[in-house]
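Reader: I am new to this structure. Please show me how to read some of its features.

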Amino acid sequence: MTDDATPPHEPVMVAEVTGYLRDATTVLDMTVGAGGHAGALLDAGVDLVIGIDRDATALALASGRLAVFGDRFRPVASRFSEVDESVAGGPVEGILYDLGVSSMQLDESERGFGYRLDGPLDMRMGGDGPTAADLVNGLSEEDLANLIFEFGQEHRSRRIARAVVRARPLETTDALARVVAGAVGRRPGGPHPARRTFQALRIAVNRELEELAASLPRAVDLLVPGGRVVVIAYHSLEDRIVKRTFRDDERLMVLTKHPRMPSDDEVARNPRARAAKLRAAQRRSEAA
């Protein structure tokens with residue numbers, strides 16, 4: 001998700017998601033977050049949504065928001081790469097991924113995801129494993145530059161890494177953002193110069209691309225024939241994995257020749273939707 005701090009209550013491309021998945025009996029929401037999509041799917045007539053998240057705060061929020069649906073919503077604490085039939089309770093008709101970091105997480109300064117609010121350099125979605133501070137202060141200059149270049153697609157990564165190493169140790173989001181801005185400058189009216197560096201660190205800390213690549217084939221295993229998987233991605237690295245997986249998995253029929261994009265009206269109403277790309281695929285029948 002994007003780094004714009006917007007309320008967590010409006011799901012992105014909800015009409016498109018419900019359009020693909022409204023006929024499902026059971027949907028696995030692999031990234032339930034605050035429960036926006038889950039609530040929309042339940043309102044649309046889905047019998048059961050199983051909400052997966054490794055963020056305990058997100059699960060608690062989603063459970064509270066969706067309590068009105070009773071046992072039609074079931075929260076599960078898990079990485080989505082670990083979800084299998086024991087979690088799903090059997091084959092399902094629909095699976096949804098809404099990737100990245102949520103506005104809710106960005107707005108919690110103590111989580112250390114964003115550069116707009118000062119907080120500890122953490123960025124862990126699940127609270128386990130190395131923090132962003134561990135990477136910033138422990139990697140060599142070359143490894144840090146490569147990480148920022150690969151996951152942040154930041155062409156000024158070597159200049160940034162050099163400045164970070166000179167300024168270490170860095171323990172807060174504000175300190176890191178200031179170092180990056182000092183290294184590359186800031187264009188008036190442009191995005192924050194630390195945006196790509198923060199994205200790269202978040203992806204690395206949470207192993208987001210590895211999680212997605214490992215999870216998608218397992219998700220297809222869980223689909224009944226005719227079942228659908230929908231993925232909303234927010235940057236090209238995620239979208240490339242989704243596109244390749246959908247194209248190369250012979251069990252799938254791609255439903256979106258090109259990714260669907262949010263309308264101009266939605267982007268104006270919800271800036272978080274700006275970078276969203278939605279792809280959908282359907283599991284073929286066994287005979288196919």
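**Helices, rings and confidence**

Author: L147, I148, F151 and G152 of α7 are in contact (heavy atoms within 4.5 Å) with R196, T197, Q199, A200, L201, I203 and A204 of α10. Helices (H or I, at least four residues) and strands (E, at least two) are DSSP runs numbered from the N terminus. This is a predicted model, where local features need pLDDT of at least 70, side-chain atom pairs count only at pLDDT 80 or more, and totals for chains, interfaces and linings use all residues. Residues are numbered from 1 along each chain as its sequence is written, and side-chain values use heavy atoms, with hydrogens and water left out.

Reader: At what angle do α7 and α10 pack?

Author: Two packed helices are described by the angle between their axes and the distance between the axes. Here α7 (residues 141-152) and α10 (residues 195-206) pack at about 95°, their axes 8 Å apart. Axes are lines fitted to C-alpha atoms over the stretch in contact, with angles from 0 to 180 degrees between N-to-C directions. The two helices are therefore roughly perpendicular (65 to 115 degrees).

Reader: How is the aromatic pair arranged?

Author: A pair of aromatic rings is described by the distance of the centres and the angle of the planes. The ring centres of F80 and Y97 are 5.2 Å apart and the planes meet at 85°, so this pair is edge-to-face (centres within 6.5 Å, planes over 60 degrees apart). Both F80 and Y97 are buried (under 20% relative accessible area, 1.4 Å probe, protein chains only).

Reader: What average pLDDT does the protein chain have?

Author: pLDDT is the predictor's confidence in each residue, from 0 to 100. The chain averages 90, and 91% of the residues score at least 70. Over residues 1-8 pLDDT stays under 50.

Definitions and conventions:
Rings of Phe, Tyr and Trp (its six-membered ring) pair if their centres lie within 6.5 Å; planes under 30 degrees apart count as stacked, over 60 as edge-to-face and the rest as tilted. Buried means under 20% relative accessible area, exposed over 50%, partly exposed in between (1.4 Å probe, protein chains only). Angles under 35 degrees count as roughly parallel, over 145 as roughly antiparallel, 65 to 115 as roughly perpendicular and the rest as oblique.
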